[in-house]
Amino acid sequence: LDICDFLIKPRANQNMGLYYDQFSLEVIGSANLIVVYGMSIGETDQQWWKKVAETLKSPNARMFFSTI
């Protein structure tokens with residue numbers, strides 16, 4: 001294993017046999033409300049943003065924005 005297998009969260013979770021990522025994607029996909037704060041837009045967060053975008057494409061999805 002190279003150092004990235006320990007430092008990049010999705011890879012580290014997979015290597016340790018943890019299923020946080022799959023669980024999190026399922027929760028995002030079934031959420032009625034998604035609150036985003038302290039967000040990151042790094043490459044390792046791409047899967048979350050794709051799932052949030054996919055969820056927001058639903059005809060029942062609602063978005064609320066706040067500047068506070």
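## A buried threonine

T55 is buried, because its relative accessible area is 13% and buried means under 20% (exposed is over 50%, partly exposed in between, with a 1.4 Å probe and protein chains only). This is a predicted model, in which local features need pLDDT of at least 70 and side-chain atom pairs count only at pLDDT 80 or more, while totals for chains, interfaces and linings use all residues. Residues are numbered from 1 along each chain as its sequence is written, and side-chain values use heavy atoms, leaving out hydrogens and water.

You will find T55 in helix α4, residues 46–56. Helices here are DSSP runs of H or I with at least four residues, strands are runs of E with at least two, and numbering starts at the N terminus.

Which residues does T55 touch, not counting those up to four places away in sequence? They are I28, G29, I34 and A61, where contact means heavy atoms within 4.5 Å. The C-alpha atoms of T55 and I28 are 7.3 Å apart, although 27 residues separate the two along the chain. A polar atom of the T55 side chain also lies 3.4 Å from the backbone oxygen of I28.

## Two helices side by side

Helix α3 (residues 20–30) and α4 have axes that come within 9 Å and cross at roughly 20°. The axes are lines fitted to C-alpha atoms over the stretch in contact, and angles run from 0 to 180 degrees between N-to-C directions. On the α3 side, D21, S24, L25, I28 and G29 make the contact, and on the α4 side Q47, W48, K51, V52 and T55 do.

## The whole protein

The protein has four helices and zero strands, in the order α-α-α-α along the sequence. Of its 68 residues, 15% count as buried.

Notes:
A polar contact is a pair of N or O atoms within 3.5 Å; within protein, one must be able to donate a hydrogen and the other to accept it, and residues adjacent in sequence count only if both atoms are side-chain atoms.
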